[in-house]
Amino acid sequence: MQGALEDFFRALRASDVRVSPAEAIDAHRTVAKVGFADRELFKDALCATLAKTADEVDRFDRTFDTFFTREAFMAAPPPEDGDHDPTQDLPQDGEPSELARMLMTGDASALAQAMEEAAERAQVSQIRLSTQRSRLTRKLLEEMGLAEIERIIAAARRLDDPRGQAAGERLDAARQALAKEASAYVERQHELYASESGRNLREDLLARKALNSDGGIDPVDLAMMQTLVKRMAKRLADRYSRRRNVAWTGHLDVRRTLRKSMGYGGMPFDIVFKTKKIDKPSIVAICDVSKSVAAAAQFLLTFLYSLNEVVDRMEAFAFSGRMISVNALLDEHKVETAILEVLKQIGFQQTDYGRSLEDFCEQHLDQLDRHTTVIFLGDARSNYADPRLDLLATIQKRSRALIWLNPEPESYWGQGDSVMHRYQRFCHVAKPCNTLGQLERIIEDVLRTYIPH
Amino acid sequence: MASVDALIQGLESVGYIASRRIATSLFMAVNLQKPILVEGSAGVGKTELALSTAALLGLPLIRMQCYEGLDESKALYEWKYGKQLLYTQILKDRMGASLADAPDMDAAMVRLHGMGDLFFSEPFLEPRPLMKALQEDDGCVLLIDEIDKSDEAFEAFLLEVLSAYQVSIPEIGVLKAKTPPIVFLTSNNVRDLGDALKRRCLHLHIPLPDAALERRIVASRVPGIEADLVGQLVSFVQSLRTLDLRKSPSISETVDWARALILLNADSLDTEVVRDSLNVLLKFEQDIVAIEPQIAELIRKPLA
């Protein structure tokens, strides 16, 4: 059973339930305590030791069921005339095949057992990729003794005896059923051990794919991308958005205690502790949604949306020709409609950074104070219009930090109509950011460095 | 605590109807001596589970409510600073007298060193919940409520207590539990807990109960209620849960509602009674407004 449990842990890990060695030891202790007799008890007890979140419980249940379920074998029914040995009619040259006997008598449980044993020899549980399925199925069947069966069928077909031929046909049908079973078995193993790793690989690639690459993001990947972005924003917010107002440090403030005790003739009646004030993050995010960053805009907006859901004090703006506040839009609508709505109102126009900065400074400058972190998402391509550096300088002076994330690589900055190099002087941080992975890393740096805690 | 079934019966005898999964987790927690992390939405009986376990085992319950800014001086121990300062003041003359006959500064200093530790000894230690739990001779049930509300720093601090059942106090040394307590941690998932903490705990997620279980819970919590009424109100609540509400009612709300209905002398649900008492069940104005026009329809729904 040790081996089976280890395999089960591996299946759990493959489906993203983390099982550390310590938990594996716990699981073994659990099993030693509850035994295998009661399936429900076994499952619940293992679940309590191994699955650590509600999601993991779901995945545990699914993996447990797939792993420990053996569907009834669909073997050919035994022939009608009961006491007649069905293998008799087959050609009797050479060794009698055990597999042939099982197939002809329809001995389902023996077949299932034989398949388990063969699977162990063929190492089916080591499956990694979906392309391995057919090869492993073949190998599994060969381990079970398929070659012999094929030889017997071929021999039976050559016989003149119609009974022998009929028996051969039946064996052939049973063989096909067996092949189906084997492929289903391998499929199940694949689902257990490999399907998740494939998905993880795809997510990894997506996180590293450039948002403004040729052709943009494949529509097939859009949904996955959305979930990735959401998960990312949630992760960041978990870490940084919690209210961190006052933390007791638990140390006596001697100076202030003594000061207070003066009033009581030196008797320290009022005890004062040291306290620390912690600010909540306050973020102003300004997102370019013009033509030149069209491909990236959707994801920047998705990111804004997710961040808006979890960060308490966040103001979001979008601009291309002019600038508007999109807070209300993000608050009221669901993510897809909100993004469409933003793009409809303001998107895909000619960029004018100068005008947009003017709009911002006229209407929203009062939202900046020394606690605010301003994040610009844009390519700084202003179509040769006046970039209004003076306004950006004002913003920089009023805010705690000004951060510019540019979807273009650094080598493009300052080329053509890009004024990135001129804007860069006013930014505390200016970084290229064109993949989700980079976006997450930068935002995390931003939150860690520029939000006091 | 002999088997899971015995545990289910035992919990039932103290008024807690446990599903099999709950009882199994509790059984494993006691047998493996591990803390148990209970998650679930508000009002499904997370805290109640700890209370019932304490009642079942006849152990004292020590409860620690977590909140933002909770730190070890509130959770573990604190020096009684006031007392220390007061005593130094009161003993000032005494000290002066005993130091007076010291021949020189060095001798006085040596004598002072001898007294210094007096003020950092057990009498000046104010034990807080965690330390109390470790000091109980026959063990106890320690309930760390809403751990997700505390800071990460505090979570890290808990690790030593939860894995080794001991705490280190710099001035005194390591205090080890006489009998390891049974520890419950509850969480509403306000934030994700750290992996290190989760790894040290067994995990139990309490979902909203199905109709049959909920009927049993209401019947056990509200003695004297008629079976018909229980059936009606439970199916009403269950159908509420299928709707899109800001806060769907959980078990505690069902039980409160059942008590309210008894107070109102209702022996069956009708539109009037439900409308009057809906605020027991739903906690948001929007929810109440959304449900009010549908009450008659929801009552008429056949029992599931």
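Colleague: Which residue of β5(A) is the bridge partner of Ala318(A), and what makes β4(A) and β5(A) a pair?

Modeller: In this predicted model, Ala318(A) has Ile324(A) of β5(A) as its bridge partner. Two strands pair if DSSP finds at least two bridges between them; β4(A) and strand β5 (residues 323–325) of chain A have 3 bridges, in the antiparallel sense, and therefore meet the requirement of at least two. The two strands form a hairpin, with 3 residues between them. Strands themselves are DSSP runs of E with at least two residues, helices are runs of H or I with at least four, and both are numbered from the N terminus.

Colleague: How should the numbering and the confidence limits be read?

Modeller: Residues are numbered from 1 along each chain as its sequence is written, while chains are lettered from A and ligands numbered from 1 in the order in which they are written. As the model is predicted, local features need pLDDT of at least 70 and side-chain atom pairs count only at pLDDT 80 or more, whereas totals for chains, interfaces and linings use all residues.

Colleague: Why is strand β4 of chain A called mostly covered, and which strand runs parallel to β4(A)?

Modeller: Of the 7 residues of β4 (residues 313–319), 5 are buried. A residue is buried if 20 or more other C-beta atoms, placed from the backbone, lie within 10 Å of its own, exposed if 12 or fewer do, and partly exposed in between. Strand β3 (residues 282–288) of chain A runs parallel to β4(A), joined by 7 bridges, and Ile283(A) stands opposite Met314(A) there.

Colleague: What makes Tyr16(B) buried and Lys334(A) exposed?

Modeller: Tyr16(B) has 22 other C-beta atoms within 10 Å, and is therefore buried. Tyr16(B) is found in the loop between α1 (4–13) and α2 of chain B. Contact requires C-beta atoms, placed from the backbone, within 7 Å; leaving aside neighbours within four places in sequence, Tyr16(B) is in contact with Leu11(B), Glu48(B), Leu49(B) and Ser52(B). Lys334(A), in the loop between α14 (327–332) and α15 (335–346) of chain A, has 8 other C-beta atoms within 10 Å and is therefore exposed.

Colleague: How do you know that the length of α2(B) agrees with expectation?

Modeller: The expected span of a helix is 1.5 Å times one less than its number of residues. The 13 residues of α2(B) should span 18 Å, and the end C-alpha atoms are 18 Å apart, so the two agree. Among its buried residues are Ile22(B), Leu26(B) and Phe27(B). Just after α2(B), Gln33(B) takes a positive phi of about 55°.

Colleague: Why are β2 and β9 of chain B called edge strands?

Modeller: The sheet is open, with 5 strands in the order β2-β5-β8-β1-β9 (chain B) and parallel pairing. Strands β2 (61–65) and β9 each pair on one side only. Within the sheet, 4 bridges join β1 (residues 36–39) to β8 (residues 182–187) of chain B. Helix α2(B) lies across β1, β8 and β9 of chain B, running at about 160° to β9(B); such angles run from 0 to 180 degrees between N-to-C directions, with axes fitted to C-alpha atoms, for helices over the stretch in contact.

Colleague: Which element gives the largest share of the side of chain B that touches chain A?

Modeller: In all, 28 residues of chain B are in contact with 29 residues of chain A. The largest share of that side of chain B, 7 residues, comes from α2(B).

Note on methods
Contact = placed C-beta atoms within 7 Å.
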